[in-house]
Amino acid sequence: MITISNYHYIREDFSAPYPSVFGVTPMRFKHQLKLLKNEGDLITPSEFLANYEELVVSKDNFFFITFDDGLKEQFSFALPILDEFGMQAIFFANSMNVEEKRVSTVHKIHLLRSVIPSHVLLNYLKDQKIAMLTHEELQQAKTNYRFDDAASAELKYLLNFKISFDVQELLVQSIFEKHFSESEILESLYMSKAQLQYLANIDCLGSHTHTHYPLGLLSEDNLTYELKHSKNYLEKLSGKAIQMIAYPYGTPEACTDLVAETAKKVGYLYGFTTRKGIIEESQNKLLLNRFDCNDVVGGKNYKL
C-alpha cells in the first residue's frame, strides 16, 4: 500500500499582513517524517519506479514524499532534513522559471494576496468587468480550496479556472509589478539550475509542466507543449530521464483523461493528482492519488 504526502512551502516564518502562503515549518516537517516512519517505510523515487507493482499491492505501509513548484526553500530546508533521516523525496519543478526567468502566475497571486486582502482583489476584478462565479462554482471553489476563507477561495478559483490565461496574466502582472520586483522574486523563490541538476543527479527531480497552467483547460496542442517541453528541458539540463510528473492544481478540471493520455504519449511513466486517497492497484498510473501533507499523520487536519 502506497500513501503519498505532498508539500509546497517550507519555511521558518509564514507571517504576512494578509496570510495567504501556507505550508510547514522545518520543525513540523521533521516531526511528521518521524511519525510517518513509525507508521511504515518511506520509499525513494528510485524505489517507487523500480518496485511500484509490488509496493501498491503489499499489505505493508509505504510512504512517498513529494514537493511541488521547485521552490528554493525546499532545497534549503527540506533536503537537509531528508538527508539527516537517510530519506529522499521527489521535487517537481516548472521549467519556465529557470528557462524564461519568469515568476509563475500562481505565485504572483500568492504574493499579492499576502499584501492585499482577497476582497480588495475581487473588487478590482469586478471593476475590470470580470464575470463572477455562479453558485455552483462557489461551492466548487470551497471544495478545491478548503484551507482558505470564502473570499480567498473565490478569488483563487476565479483566477485559476475561469479567466482566460492571457487576460489573467495581464491583470495579475499589472498589480504585481507595483508591489514586487520579478527578478528579486525569481532569485529568492525558485531553485537554481545547479540545484535542479543536483536533484536530477540523485534521481529526485520530476516535472511540474512548463508554466503551471491547469492542463485540463488547455487546447490539445498547448497541453502537449506543456508536458513535452518541460520534460525535454529538464532532461537536457540534467542529462537524466524525467519519468514522473505532478499536474499543477491536481483537481479534476486539471487532470482529465486526455491529460493522462498525453502525458503517457510524451514519455511519462507516472502522473500525480491532488485527489485524496491511497494509491490503488486499479488506478491509472498517470492519475495517481496524493494527500496534502495536512491530511496525513502529523498534519493539522489528520484524524484517526
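## Arg113 and helix 5

Arg113 lies in helix 5, where helices (H or I, at least four residues) and strands (E, at least two) are DSSP runs numbered from the N terminus. The model is a predicted one, in which local features need pLDDT of at least 70 and side-chain atom pairs count only at pLDDT 80 or more, while totals for chains, interfaces and linings use all residues. Residues are numbered from 1 along each chain as its sequence is written, and side-chain values use heavy atoms, with hydrogens and water left out.

With a relative accessibility of 2%, Arg113 counts as buried; buried means under 20% relative accessible area, exposed over 50%, and partly exposed in between (1.4 Å probe, protein chains only). When neighbours within four places in sequence are set aside, Arg113 is in contact with Tyr18, Ser20, Ser118, Leu121, Asp148, Ser152, Leu155 and Lys156, contact being defined as heavy atoms within 4.5 Å. From Arg113 to Val103 the separation is 10 residues in sequence and 15 Å in space, C-alpha to C-alpha.

Helix 5 (residues 105-115) is mostly covered, with 10 of its 11 residues buried; among them are Thr105, His107, Lys108, His110 and Arg113. The cover over the buried residues of helix 5 includes strand 2 (9-10), helix 6 (118-127), helix 8 (150-162), helix 9 (165-179) and helix 10 (182-189).

## Helix 6 against helix 9

Helix 6 and helix 9 pack at an angle of about 125°, their axes 12 Å apart, where axes are lines fitted to C-alpha atoms, for helices over the stretch in contact, and angles run from 0 to 180 degrees between N-to-C directions. The two helices, helix 6 and helix 9, are therefore oblique to each other, since angles under 35 degrees count as roughly parallel, over 145 as roughly antiparallel, 65 to 115 as roughly perpendicular and the rest as oblique.

The crossing of helix 6 and helix 9 is right-handed; a crossing is right-handed if the near helix is turned clockwise from the far one by less than a right angle, and left-handed if anticlockwise. Leu121, Tyr124 and Leu125 of helix 6 meet Leu171, Ser174 and Ile175 of helix 9. By class, the contact of helix 6 with helix 9 has 5 nonpolar residues, 1 polar and no charged ones, on a scheme in which Ala, Val, Leu, Ile, Met, Phe, Trp, Tyr, Cys and Pro count as nonpolar, Asp, Glu, Lys and Arg as charged, and the others, Gly among them, as polar.

## Helix 3 against helix 11

The axes of helix 3 (residues 72-85) and helix 11 (residues 193-201) come within 10 Å and cross at roughly 50°, and helix 3 and helix 11 are therefore oblique to each other. Helix 3 passes helix 11 in a left-handed crossing. On the side of helix 3 the contact is made by Lys72, Phe75 and Leu79, and on that of helix 11 by Gln195, Tyr198 and Leu199. The classes in this contact of helix 3 with helix 11 are 4 nonpolar, 1 polar and 1 charged.

Ile81 also belongs to helix 3 and, at 8% relative accessibility, counts as buried. Not counting residues up to four places away in sequence, Ile81 touches Pro26, Phe29, Lys30 and Leu33. The C-alpha atoms of Ile81 and Leu33 are separated by 9.1 Å, although the two residues are 48 apart along the chain.

## Nonpolar cores

The largest nonpolar core has 84 residues, and those with the most contacts inside it are Phe29, Leu33, Ile65, Phe67, Phe91, Leu227 and Tyr247; such a core is a set of buried Ala, Val, Leu, Ile, Met, Phe, Trp, Tyr and Cys residues joined through side-chain atoms within 4.5 Å. Apart from it lies another core, of 17 residues, including Ile2, Ile43, Tyr52 and Leu55.

Phe291 is placed in strand 10 (residues 291-292) and is buried, with a relative accessible area of 18%. Phe291 and Ile65 are 226 residues apart in sequence and 10.0 Å apart in space, C-alpha to C-alpha.

## Positive phi values

Most residues other than glycine have a negative phi. Lys129, in the loop between helix 6 and helix 7 (135-144), has a positive phi near 65° and is exposed, with a relative accessible area of 73%. Thr209, in the loop between strand 7 (205-207) and helix 12 (220-238), has a positive phi of about 75°, but counts as buried at 0% relative accessibility.
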